[in-house]
Every structure is written in C-alpha cells, then in structure tokens.
Amino acid sequence: MAADRSTAAFQGFLVEAKQYWMSEVWTALKEDYRQRSAGKSLSSPSQVAALMADSPTYWFYSWLERHIQRAKYSGRYGIQKIDEPVKAPAGRRPKLRDVPVPAYYSAVDTHQHPGNLTGAPNAGLVYKASAQSTQPGATNRYGLHERFARFVGELGDFKHILEMGCGFGKSALPLAQKFARAEIKAIDLSAPCLELAAAEAAQAKVANVSYEQADLRHTGYADGAFDLVTSTMVLHELDTPALRESLHEAHRLLAPGGTLVHLDFRVKDPFLEFIHYGHARRNNEPYMPEINELDLEGELRGAGFRDVKITPFEEVDGATRPDWPTWRFPWTAFVARKP
Amino acid sequence: MKDLQLEQTYFPDPAADRIMGVVFNLAAEVQVLRDRVQVLEHLLEQKGVVARGAIDGFRGSEEAERAMAQERREYVRHLLEPVLGYAASRNDVEAGRGG
C-alpha cells in the first residue's frame with residue numbers, strides 16, 4: 001500500500017520534529033556545551049561525554065534523535081507498512097545472485113530499520129521513504145547526490161563506472177545522467193533496493209546504468225574493468241576489515257590512472273566526534289566511530305592509491321561554514337588515484 | 001515477548017524515557033487528527049453538507065460505532081506501547097563511544 005493520509009500526517013509531524021531538533025535543540029545543545037566547556041581544555045569525545053552526561057538538553061537531544069527515527073519506521077504509522085509492486089520491465093531487471101549477507105552487516109538493524117535492507121521485499125521502498133528525511137533539506141529530492149555527480153564530473157570524464165553499495169540508486173542515477181556516454185554498473189547486497197533502483201532507472205528512461213547484486217569486497221568483475229569507482233554513504237556502514245577489503249577490491253578493479261571517489265563522513269573535533277559517535281549508537285550504526293578514527297589516507301595509500309585528497313563536502317551551499325546554524329552530517333569526499 | 005532488547009535510555013530515570021515516548025506519540029497523534037479534522041472542515045464547508053452543531057448530536061450505525069471502537073483500541077495500543085520499553089530494531093552490540 002502507499003502511505004494513507006494519517007501515515008502521511010504522522011510522517012509530516014516527524015519531519016517537523018526533526019527540523020526543530022536540527023535547529024532549535026541543536027542550537028540549545030551547542031550553547032549548553034559552550035557554557036559547560038568555558039575555560040576547559042577538552043581533547044577527546046569521552047571528555048565531552050563526561051561533561052555533557054548531566055545535561056538535560058543532551059538527554060532530550062538524544063531521546064529525540066533516537067525516537068524520531070524509531071517512529072519513522074515502526075508502529076502504527078511507520079513506513080514499514082509501505083508496500084507496492086516494484087518491478088523493472090523485462091530487460092531492465094537487476095541481476096540478482098545468492099550473495100551471502102556478511103556478519104558485520106547482519107549484526108544490527110542499521111538506521112533502526114527492522115529487518116534491515118536485505119529483509120522484506122518492500123525494504124527498498126521503506127529505505128527510500130526513510131532517506132527523504134534523514135537530513136531534511138539535503139537528503140530529500142536527491143539534491144545531495146546531484147551535487148556529488150557534479151563534483152565527480154569535475155574530476156574527469158569517465159567511461160566505465162562502478163558504484164559500490166548503490167542502495168536504491170540515489171547516486172547511480174545522477175551519475176548515469178551526468179556521464180551520459182558512460183556505462184555504469186551499480187552493486188549492492190540488497191535485492192529489494194536493486195529492484196527499486198532498476199525500476200526507477202527504467203522509469204527515468206536512463207539506459208546506461210545496470211544493477212547487480214554483489215558484495216563490494218569481492219565483486220567478480222575483471223581486473224582494470226573501470227576508470228571510476230564510487231560510493232556514497234557506504235564506508236561508515238563497513239567494519240574495518242570490510243573497508244580494507246573494499247579498498248583493495250577497488251584498486252584491483254581500476255585501470256591504471258583510474259579514480260576512486262567515496263562520499264562519507266569525517267570529523268576531527270572533540271564535540272562533533274561526541275555528537276557523531278552518539279548518533280552512531282542512537283541510529284544503530286556501530287562502525288561509524290572506528291571508521292572515523294581510521295587513518296583513511298594511510299589505508300588508501302596502503303591499498304596502492306596515490307594523490308589522496310580528503311575534503312569537506314557541502315550538501316548545500318555554505319554548509320561547511322563554522323557558523324552554520326543547523327545540525328548536519330560531516331560530509332567528506334575521499335578522492336584517490338591508482339597510479 | 002521473544003527476542004526483544006531493551007530500548008536505549010537517555011534520562012537519569014529510565015521511566016522518563018518511556019513517559020517521553022507516550023507524550024511524543026500523543027503529540028503526533030494530535031497532529032494526525034488535526035490534519036483530518038481540517039480536511040473534513042474544508043470538505044464540509046465546500047459542499048455545504050453539515051450544519052454547525054451536527055457533530056455533537058451524531059449517533060452512528062452499529063457498524064460505524066464498531067469501527068470507531070476498533071480505531072480507539074488501535075490508538076491506545078499505539079499510545080501506550082513505549083511504556084513497555086522494548087527496542088523496535090536490534091541495537092548496537094556495544095554501548096558505543098562518546099555518546
């Protein structure tokens with residue numbers, strides 16, 4: 001079923017609540033931290049956690065972050081019940097295989113999505129509905145992903161592109177439109193997401209992208225088959241061994257001179273790390289802290305990459321300004337080249 | 001109650017987390033109702049169907065009353081579910097750092 005009016009009204013309430021949390025509650029929390037930390041020298045997120053442990057503002061901040069997301073999925077008006085037939089026309093279906101779900105992935109219900117993305121057949125639709133309000137203003141209407149495609153476009157003109165962990169095609173579709181003469185392969189573990197991605201590409205009449213079920217650690221493609229490998233919001237969902245394997249696999253898949261571009265998160269500030277790691281716990285994303293703490297430049301070089309560039313990424317104009325007024329993810333682009 | 005984990009808590013008294021859940025659901029439900037009432041008001045006004053005061057005097061058919069009772073039951077289940085304190089999804093295996 002599509003969302004009924006009551007579900008839409010409830011979900012609208014949640015988006016409003018999330019926006020209030022992103023602006024008013026976030027501002028109050030930062031002010032509380034400013035006052036508590038005045039005159040103190042704090043160098044680690046655990047020191048910030050100790051300082052904020054008895055902050056009622058932080059209690060409510062945490063509760064709302066957890067429960068707005070919980071209510072989005074679960075309960076009477078949760079998007080989990082959204083279901084409708086999703087099938088790309090013949091010739092545009094994704095290539096599905098029996099890919100085992102890795103233990104690091106099945107350990108938790110990521111994003112508080114009960115059953116995860118490899119569970120129910122409607123998991124792709126549910127994820128798409130959820131992603132609209134992950135960071136209202138940035139993650140809805142595909143804006144972030146179109147910006148990412150433009151960013152990649154400034155790095156070169158690519159012909160053979162692999163998108164790792166493509167989900168329901170939010171990045172693969174803008175990439176396919178940006179690189180209209182390229183062939184884009186997009187892989188994911190989730191069959192329901194791939195079904196939705198393929199159906200949306202067919203509906204958008206985008207013919208140069210195809211979707212396949214594969215594990216990004218061992219994709220099965222030939223050595224040097226691509227001149228660009230990308231991902232968005234995938235690295236932080238991997239544990240450290242899986243991330244290392246994915247970097248080696250990307251290196252193997254790239255032709256000499258090929259480019260790797262990952263869009264993910266990076267934060268180096270005790271307060272923002274505290275916020276980021278708290279988000280990880282509240283949103284059931286257990287590997288976020290270890291991936292943030294990993295020396296990714298060193299890991300990329302260790303996997304054979306050179307010309308590593310790690311730069312903050314603006315999901316909307318001005319978002320990386322220090323005085324940006326609302327909560328946001330610490331979007332970061334990781335670019336490297338295979339010599 | 002098989003395989004249910006306890007929900008994370010953020011307040012010094014974990015009962016406050018559950019009470020907050022009830023309040024939040026109630027608030028959201030009020031918005032759902034406001035939305036529907038506003039739609040009805042607009043429709044009724046557009047079509048000139050209902051005179052002022054007709055709602056207070058309303059008595060539905062047996063079937064309508066049964067359906068409203070079912071609605072009420074589902075509403076209460078939803079409203080009070082946070083009191084149970086169970087997570088709706090599987091939690092992080094570790095307590096996490098920083099937060």
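Tutor: In chain B, 84% of the contacts between residues at least 6 apart in sequence join residues at least 24 apart; a contact here means that two C-beta atoms, placed from the backbone, lie within 7 Å. The model is a predicted one, in which local features need pLDDT of at least 70 and side-chain atom pairs count only at pLDDT 80 or more, while totals for chains, interfaces and linings use all residues. Residues are numbered from 1 along each chain as its sequence is written, and chains are lettered from A and ligands numbered from 1 in the order in which they are written.

Chain B has 2 helices and 0 strands; helices (H or I, at least four residues) and strands (E, at least two) are DSSP runs, numbered from the N terminus. Of its 99 residues, 15% are buried, a term that requires 20 or more other C-beta atoms within 10 Å of a residue's own, whereas 12 or fewer make it exposed and values in between partly exposed.

Where the chains meet, 35 residues of chain A touch 26 residues of chain B. On the chain A side, two or more residues each come from α1 (5-37), α2 (45-52), α3 (56-73) and α10 (270-282). The largest share belongs to α3(A), with 8 residues. By type, this side of chain A comprises 17 nonpolar, 10 polar and 8 charged residues; Ala, Val, Leu, Ile, Met, Phe, Trp, Tyr, Cys and Pro count as nonpolar, Asp, Glu, Lys and Arg as charged, and the others, Gly among them, as polar.

The partner of α3(A) in one packing is α1 of chain B, residues 14-47: the two helices meet at an angle of about 50°, and their axes are 11 Å apart. This makes α3(A) oblique to α1(B), since angles under 35 degrees count as roughly parallel, over 145 as roughly antiparallel, 65 to 115 as roughly perpendicular and the rest as oblique. From α3(A), the residues in this contact are Trp63(A), His67(A) and Ala71(A), while α1(B) supplies Asp17(B), Met20(B), Gly21(B), Phe24(B) and Ala28(B). They divide into 5 nonpolar, 2 polar and 1 charged.

The loop between α1 and α2 of chain A holds Leu42(A). Leu42(A) is classed as partly exposed because it has 16 C-beta neighbours inside 10 Å. Beyond its neighbours within four places in sequence, Leu42(A) touches Ser37(A), Gln47(A), Val48(A), Leu51(A) and Pro270(A). The C-alpha atoms of Leu42(A) and Phe271(A) are 8.6 Å apart, although 229 residues separate the two along the chain.

Chain A also contains an open, mixed sheet of 7 strands, in the order β3-β2-β1-β4-β5-β7-β6; strands pair if DSSP finds at least two bridges between them. At its edges are β3 (209-213) and β6 (306-312) of chain A, each with a single partner strand, so one side of each has no neighbour in the sheet. In this sheet, β7(A), residues 331-337, pairs with β6(A) in the antiparallel sense over 5 bridges, and Thr311(A) has Ala333(A) as its bridge partner. Strand β5 of chain A, residues 254-265, is likewise antiparallel to β7(A), over 7 bridges, with His262(A) opposite Phe334(A). Of the 7 residues in β7(A), 5 are buried.

Technical notes: Axes fitted to C-alpha atoms, helices over the stretch in contact; angles between N-to-C directions.
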